[in-house]
Each structure stands twice: as structure tokens, then as C-alpha cells.
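Thanks for coming, everyone. Let me walk you through one model. Please look at it first.

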Amino acid sequence: MSDVTRAKNGRPVSHRRRHLVELAALLTAVAVADAVANLVGYDPGAPALLAIPAVALIATAGFHTWWSRRHGHAPPAGDTGARPGACGRVAGAAGQDTGATQADGGATAGETVLWRMRTTVRDEPGSLASLCTALAGLRVDILSLQTHPLAEGTVDEFLLRAPAPVEGAEITRAVSLSGGSGTWIERADTHDLVDAPTRVLGLATRTALDAAELPLALRQLLGRCTIRSLPATSVRGHRPDEGAPVEGALEETVMRLRAPEGGVITVERPYLPFTPTEFARARALVELDARLGPRVPRGQDVLTLPQGNDITVRRADAGDLEAAKAMHERCSQRTLSMRYHGPVGDADKYLKHLLSPHFGRTLAVQTASGRVVGLGHLLWDGDETEIALLVEDDWQRRGIGGELIGRLVAMAVEAGCASVYAVTQSSNTGMVAAMRGLDLPLDYQIEEGTLVITARLDTAPPDAGLPDAGLPYAGATGPEHSVRD
């Protein structure tokens with residue numbers, strides 16, 4: 001065995017002094033034993049004399065064993081066992097996504113939770129290192145880090161894994177004491193474990209395959225936000241009061257982007273200002289959508305109604321405008337008024353907006369002869385989602401409305417919507433029955449004959465009566481298939 005080892009700081013430590021002390025103790029013990037043996041040979045009370053020190057030695061050994069087990073493996077005072085990684089700020093190296101982690105010196109005992117945190121630090125060497133040290137003091141692991149450079153300072157966005165007892169307020173306080181400002185934190189889930197470049201590429205792919213994915217992609221890219229699309233010209237011929245420049249505009253918590261068809265896409269996030277990096281990513285998605293032009297995934301489901309008629313359900317877009325107008329002409333005034341809640345003469349003006357994939361998704365029901373007899377719309381309304389239906393009079397009461405609503409709600413669930421609502425007249429019993437057939441929690445609001453039915457999707461039971469969306473919504477391009485009822 002070598003007489004030289006290394007301490008924690010890496011410097012050599014010699015054990016020769018300890019070996020000499022042990023040798024001296026051994027020689028002393030031999031001398032004491034010899035003296036006790038001589039004493040035992042001449043003293044009649046020697047057994048008692050030997051029993052007393054034996055008991056004392058046993059008691060001492062027991063106490064030493066108990067003390068070693070209690071304190072022998074405790075770390076020295078001030079040693080947390082966690083070491084922050086080499087994550088000091090390097091001037092001019094902002095704007096890059098990194099996968100920083102922290103060595104923990106061992107698995108954290110107990111349950112852990114995920115947090116997303118954003119804070120602003122000074123853009124100078126050592127600022128990020130101080131923040132990492134503060135997190136390490138709470139036994140918090142840094143799973144990923146993104147940096148967003150600003151004119152003054154840098155916004156750092158973290159994905160953290162913390163022990164369950166550590167509250168968000170405690171993390172925020174530690175970050176503040178280490179130099180972070182404007183700190184925002186919220187609970188995360190396993191979906192956030194995907195690194196930023198992979199997530200952005202996935203959103204770009206979905207947008208490239210389906211134009212209706214653009215609002216959803218922006219929302220997933222930027223977190224909780226409200227997205228509104230304004231057409232270049234309203235249905236009454238009015239232009240919006242404020243447009244957007246070609247390069248877009250960023251104003252703290254609001255960004256305005258030029259929509260592909262000439263309108264304006266407004267994104268608002270009141271709780272957290274947008275960074276120039278986020279603005280650049282959002283603008284890149286919008287530019288990709290504009291370059292690819294109108295597109296919807298192609299695919300269709302063939303269904304057989306209880307009456308024996310075959311119908312086809314497929315995605316619709318602006319190319320179905322004339323067929324939709326022809327359906328309007330075959331619909332009664334009552335059917336159109338129950339759908340559009342306004343002057344029936346303006347019904348055709350809404351179709352161009354409704355069929356645009358940038359405002360939502362539309363399903364068309366087509367007969368074997370190619371005639372469109374029903375339209376179902378899933379419309380993005382800011383941070384809410386609306387469902388609307390129109391079925392030609394001669395094809396009502398055949399289950400088409402229920403089929404469309406089930407598919408639209410399934411699409412909303414796949415898109416991550418928390419709820420959907422339908423606006424109709426209180427006398428529209430067919431719409432009410434179709435919504436009740438979803439087997440979802442429903443809220444009803446009636447005002448002056450107008451009924452708003454809201455279905456909550458985030459609390460839906462696993463066995464809710466929702467059909468498979470069936471049609472590809474994110475650009476799948478498989479062969480056409482048939483489904484028979």
C-alpha cells in the first residue's frame with residue numbers, strides 16, 4: 001500500500017506519521033500487558049481487576065461504533081455535494097442553445113418536478129456562473145439552457161429539475177439574490193424535455209405540410225399567448241386600421257407579422273415580453289408558410305349513412321369556394337340564418353374567410369356525385385376555438401352533423417385545445433343533440449335566444465365518445481381509405 005494519497009484538492013498527503021503513531025501505540029500496549037501479567041501472578045483480586053477494564057473497553061467500542069455510523073459519512077460543513085458546471089458567461093457568445101447540465105454527486109432522493117424559468121442577467125463574465133451556483137445550492141439540476149441576447153443584458157431560459165419540496169418562489173428568490181431580474185417561472189412537463197432546435201424543426205415540418213398548423217405552431221413555439229389573424233379586407237370591404245410592415249414589428253409583449261395573404265397576424269403575451277430571438281423564429285415560420293402557398297393534407301374517409309348513402313369526408317380549402325356557394329343556394333333561409341346569425345345575403349362573403357386554412361380547419365361532406373352537402377369548421381378565435389356547422393336541408397337528420405362535430409373535436413384535442421364552443425340558436429335542437437353526443441362536460445349560456453355551448457376538453461374522461469379524427473391533420477399523405485358504419 002502506498003504511503004502517499006491525494007486529498008480532495010489534489011495535493012499529496014503522507015501517511016508515515018500515522019504509521020509511526022500506530023507502531024508506538026502497539027509497543028506501549030505490549031508493555032502494559034506485560035506489567036498486568038506480572039501483577040496477576042501476585043494479587044488474589046486479579047480477576048476483578050481485569051474485568052473492570054474489559055467492561056470499560058467494551059463500552060468504549062460500542063460508543064465508537066454508534067458515533068461512526070451516525071457521523072462517519074456526513075459531508076464536511078458547507079459541502080452540498082453539487083458542483084455547478086463550467087457555465088460562466090463568455091462575452092459575445094450569447095444567442096446559442098446549449099444543453100447544460102449539473103453534476104449532482106449522486107441521485108437526488110425523493111420525487112422531482114420540472115420547471116421552466118426565464119430570467120435576465122448582466123452580460124458579463126461570471127454572471128451565469130453565479131446563477132448556476134445558486135441553483136446548485138437548492139439541489140436543482142439544469143437540464144437545458146437557451147440564451148436570448150438583448151441590447152442590455154441577456155435573457156436566459158432554463159429547463160430545471162428540482163426536488164419536489166423546493167417551491168417555485170424559493171427558486172425565484174435564490175435567482176434574484178444571485179443577480180437575476182425579471183424572473184418568471186412555471187411548472188413544465190415531459191414535452192419540454194425536447195431541445196429547442198428539434199422542437200422548432202418539428203413545428204416547421206407541421207407548418208410545411210398543413211397551412212392550418214401555422215397558428216398552432218406559433219403558440220407552441222412561444223408558449224401561452226393569444227394569436228389573432230386579421231384579413232387584408234373584412235367581409236364588408238373594410239381594411240384593418242393598422243397593418244404590419246413586411247419585416248414585422250415587435251413591441252414588448254406584442255408582435256405583428258405580415259400574413260401570407262396580406263393580412264396581419266398579431267401575437268400577444270401579456271405576462272412576458274418577447275425577445276428578438278423569439279421574434280426571429282416566429283417570422284421565419286410565417287415566411288416559410290408564405291413561400292409554400294395554400295396547401296392542405298390530402299386524404300378522405302368514405303362513410304355509409306344509416307339510410308345507405310355513401311358520403312366522403314375530406315379537408316376543404318379555398319378551392320372549394322364555388323362548391324360551397326352552390327350549397328348556400330340550395331339551403332333554406334332558416335338554415336342559413338341559424339348558421340350565420342345575421343343577414344342571409346352576406347353568407348357568401350364569409351366563405352372565403354372560413355375556407356382559408358390560416359383561420360382554422362374545414363371539413364367538407366361530399367356525395368358520390370361530387371356535390372358538397374355539408375361543411376364543418378374548427379376556427380382559431382384568439383386563444384379559444386369555435387366549432388360551426390352547415391348541413392344542406394335535404395341531408396339533415398342523417399347523422400352528418402354528429403359525425404362532423406366528433407371529428408372536429410378530435411382535431412381540437414390533437415391540437416391541444418382546452419375547450420371548444422359552438423354558437424347557435426336555442427331552437428337548434430340538432431346542434432344541441434350533436435354536442436351532447438360527445439359525452440364531454442358541457443356549459444350552456446343563453447342570452448336573447450342565442451345559445452353558446454362550451455365543451456371542456458382538458459377534463460374529458462379517457463373513454464369520452466370521441467371518434468378518431470380519421471383525416472390526416474398534420475400533413476400525412478397516405479392512401480385514401482374507407483370506413484363503413
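**The cavity and its surroundings**

I'll start inside. Helix α6 contributes the most to the lining of the largest cavity, giving 3 residues. Keep in mind that this is a predicted model.

How many cavities of 30 Å³ or more does the structure hold? The count is 1. The space in the largest cavity is about 30 Å³. Two elements give two or more residues to its lining: α6, spanning 214-222, and β8, spanning 226-230.

Now the residues themselves. Leu 214, Pro 215 and Leu 218 line the largest cavity. Ile 227 and Ser 229 line it too. Ile 265 and His 358 complete the list. What classes make up this lining? There are 5 nonpolar residues and 2 polar ones.

Next, the rings. A search of the whole structure for aromatic pairs returns 0. Charges over rings do turn up, though. Take Arg 187: its charged end sits over the ring of Trp 115, 5.4 Å from the ring centre. Then Arg 398: its charged end sits over the ring of Trp 395, and there the distance to the centre is 4.4 Å.

Last, confidence. The average pLDDT for the chain is 74. Of the residues, 68% score at least 70.

Technical notes
Residues numbered from 1 in each chain as written. Predicted model: local features only at pLDDT ≥ 70, side-chain atom pairs only at ≥ 80, totals over all residues. Heavy atoms only, no water. pLDDT = per-residue confidence, 0-100. Phe/Tyr/Trp six-rings, centres within 6.5 Å; stacked < 30°, edge-to-face > 60°. Lys NZ or Arg CZ within 6 Å of the ring centre and 35° of its normal. 1 Å grid on protein atoms, 1.4 Å probe; cavity = no way out; pocket = protein on both sides within 12 Å on 5 of 7 lines; lining within 4 Å. Points joined across faces, edges and corners; volume = space filled by probe spheres on them. Helix = DSSP H or I, 4+ residues; strand = E, 2+ residues; numbered from the N terminus. Nonpolar A, V, L, I, M, F, W, Y, C, P; charged D, E, K, R; others polar.
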